[in-house]
Amino acid sequence: MYHRVATVDSDPLGLCVATERFAEQLELLQSAARIVPLGEITRARSNGLTVAITFDDGYADNALAAAPLLEAHDAPATVFVVAGAVGSGRAFWWDRLAALVGLDRYWPLWDRLRVLPAERIEEELQALGPETETDGRPLSEDELAALAAGPVEVGAHTLTHQSLPALPAEERRREIAGSRERLEELVDRPLDAFAYPYGDYDSATVRLVKRSGFRTACTIHENRLSRLSSRFLLPRYPVRDWPADELERRLATWL
């Protein structure tokens, strides 16, 4: 699980992997494993290691920095896109929060805000002070189209990246199904994959994802895939801004 391929001054969530590090990591993964599309991972049969690469949120650098490297390494990947953020040009709330407060205040605020409705999060951010310039914007519509035309599958990550179990049933359904509908309009192809914002889900959420027509869904649980793994609760390991030898060491512990 990745989020960004970029270098920034402030990254409290550890979302960014530098471009040169990402290239090194791809080379390592290609030498140590077979990289397959996410939709094939549950069917993959191999004597060695098989992996699928995913990105969450849909940052512009997924198209500008990650996609060229993925294409150069002939590596498929899935990018889970927050549909309502596409074309907005406005940074995600957690990045705007990082620009407003220091690290000592960041984590308690992030933990409290992430379960609030989107409009409440905006009110809370406004109360913290005037908005400042923030690095990292979501994909534009053109960038999303270019991404989908390359080695990247587009998946859904809701409309506004809210914690789904915290929402009323109808709003939850709109976030899930609505994200699929908007992204399918933008990329002009069916979407099969979904990822739960913040990794939050419950049984009702999983049922709605199934009913909305998705074929797979990803969590943020760290675990290996097994024959007992549900297609709608796929585990993932987060990858940080590590040199290749550190990722190699981590792969050994994950196995």
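Predicted model: local features only at pLDDT ≥ 70, side-chain atom pairs only at ≥ 80, totals over all residues.
Local features need pLDDT of at least 70 and side-chain atom pairs count only at pLDDT 80 or more, while totals for chains, interfaces and linings use all residues. Residues are numbered from 1 along each chain as its sequence is written, and side-chain values use heavy atoms, with hydrogens and water left out.

The chain comes to nine helices and nine strands (DSSP runs of H or I with at least four residues, and of E with at least two, numbered from the N terminus). Its radius of gyration, taken over C-alpha atoms, is 18 Å, close to the 18 Å from the globule rule for 255 residues, so the chain is as compact as a globular protein of that length; that rule is 2.2 Å times the number of residues to the power 0.38. The C-alpha trace spans about 55 × 40 × 35 Å along its principal axes. Buried residues (under 20% relative accessible area, with exposed over 50% and partly exposed in between, 1.4 Å probe, protein chains only) make up 50% of the 255.

Now to the charges. Glu20, Glu24, Glu27, Asp245 and Glu248 form a negative surface patch (residues with over 30% relative accessible area and no salt bridge, like charges joined within 9 Å; a salt bridge puts a side-chain nitrogen of Lys or Arg within 4 Å of a carboxyl oxygen of Asp or Glu). Two or more residues each come from α1 (19-32) and α9 (244-254), and α1 gives the most, with three. Glu27 sits in α1 and is partly exposed at 48% relative accessible area.

A positive patch is made by Arg43, Arg207, Lys210, Arg211, Arg215 and Arg231. Lys210 belongs to helix α8 (residues 203-211) and is partly exposed, at 45%.

Methods: Patch = residues over 30% accessible without salt bridge, like charges linked within 9 Å, V, L, I, M, F, W, Y side chains within 5 Å. Areas by Shrake-Rupley, 256 points an atom, 1.4 Å probe, with all protein chains shown as cover. Lys, Arg positive; Asp, Glu negative; His and termini not counted. Charge placed at Lys NZ, Arg CZ, Asp CG, Glu CD.
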